[in-house]
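Here are my notes on the model you asked me to look at. Keep the structure open while you read.

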Amino acid sequence: MPTDPMPDWVLTRRRAIGDNIRAARTAKKLSQEKLAEAAGLDRKTVNRIEQGAHATLIDHLLLIADALDVPLADLVR
């Protein structure tokens, strides 16, 4: 069962992953909308993940990594 509220280090790490996704997306010159479309997700979901405001599913991270054509490890480092 997850801790409520989440420890600060989890939130910090979540934001770092969002920053990595944003950096990869902007390097590919994609908008959030285009990334969401390529990944089969909603733009709001991509925004929440990038902001670190959303505890995302590993499936979503896999879809995003695939849409960006980057290894998942690059997004979660």
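**Notes on the model**

1. Let's start at A53. Leaving aside neighbours within four places in sequence, A53 is in contact with R14 and R48. Bear in mind that this is a predicted model.

2. How far apart are A53 and R14 in sequence and in space? They sit 39 residues apart along the chain, and their C-alpha atoms are 8.0 Å apart.

3. Where is A53, then? You'll find A53 in the loop between α3 and α4, the latter covering residues 58-68. Is A53 buried or exposed? A53 has a relative accessible area of 58%, and the cut-off for exposed is over 50%, so A53 counts as exposed.

4. Now hop over to H60, which belongs to helix α4. H60 has a relative accessible area of 19%. Buried means under 20%, so H60 is classed as buried. Setting aside neighbours within four places in sequence, H60 is in contact with L41, T45 and I49.

5. Next, the pairing of α2 with α3. In general, two packed helices are described by the angle between their axes and the distance between the axes. Here, helix α2 (residues 32-39) packs against helix α3 (residues 43-51) at an angle of about 110°, and the axes are 8 Å apart. Angles of 65 to 115 degrees count as roughly perpendicular, and α2 and α3 are therefore roughly perpendicular to each other. Their crossing is right-handed.

6. Which residues make that contact? From α2 you have Q32, E33, L35 and A36, and these meet R43, V46, N47 and E50 of α3. By type, the residues of the contact between α2 and α3 split into three nonpolar, two polar and three charged.

7. Stepping back to the whole protein: the secondary structure comes to five helices and zero strands. Along the sequence the pattern reads α-α-α-α-α. The radius of gyration is 12 Å, close to the 11 Å that the globule rule gives for 77 residues, so the protein is as compact as a globular protein of that length. The C-alpha trace spans about 35 × 20 × 15 Å along its principal axes.

8. Two last figures for the protein. Buried residues make up 31% of its 77 residues. Of the contacts with a separation of 6 or more, 55% come from residues 24 or more positions apart. The pair A53 and R14, at 39 residues apart in sequence, is in contact.

Terms used. Residues are numbered from 1 along each chain as its sequence is written. This is a predicted model: local features need pLDDT of at least 70, side-chain atom pairs count only at pLDDT 80 or more; totals for chains, interfaces and linings use all residues. Side-chain values use heavy atoms; hydrogens and water are left out. Axes are lines fitted to C-alpha atoms, for helices over the stretch in contact, and angles run from 0 to 180 degrees between N-to-C directions. Helices (H or I, at least four residues) and strands (E, at least two) are DSSP runs, numbered from the N terminus. Angles under 35 degrees count as roughly parallel, over 145 as roughly antiparallel, 65 to 115 as roughly perpendicular and the rest as oblique. A crossing is left-handed if the near helix is turned anticlockwise from the far one by less than a right angle, and right-handed if clockwise. Contact means heavy atoms within 4.5 Å. Ala, Val, Leu, Ile, Met, Phe, Trp, Tyr, Cys and Pro count as nonpolar, Asp, Glu, Lys and Arg as charged, and the others, Gly among them, as polar. The radius of gyration is taken over C-alpha atoms; the globule rule is 2.2 Å times the number of residues to the power 0.38. Buried means under 20% relative accessible area, exposed over 50%, partly exposed in between (1.4 Å probe, protein chains only).
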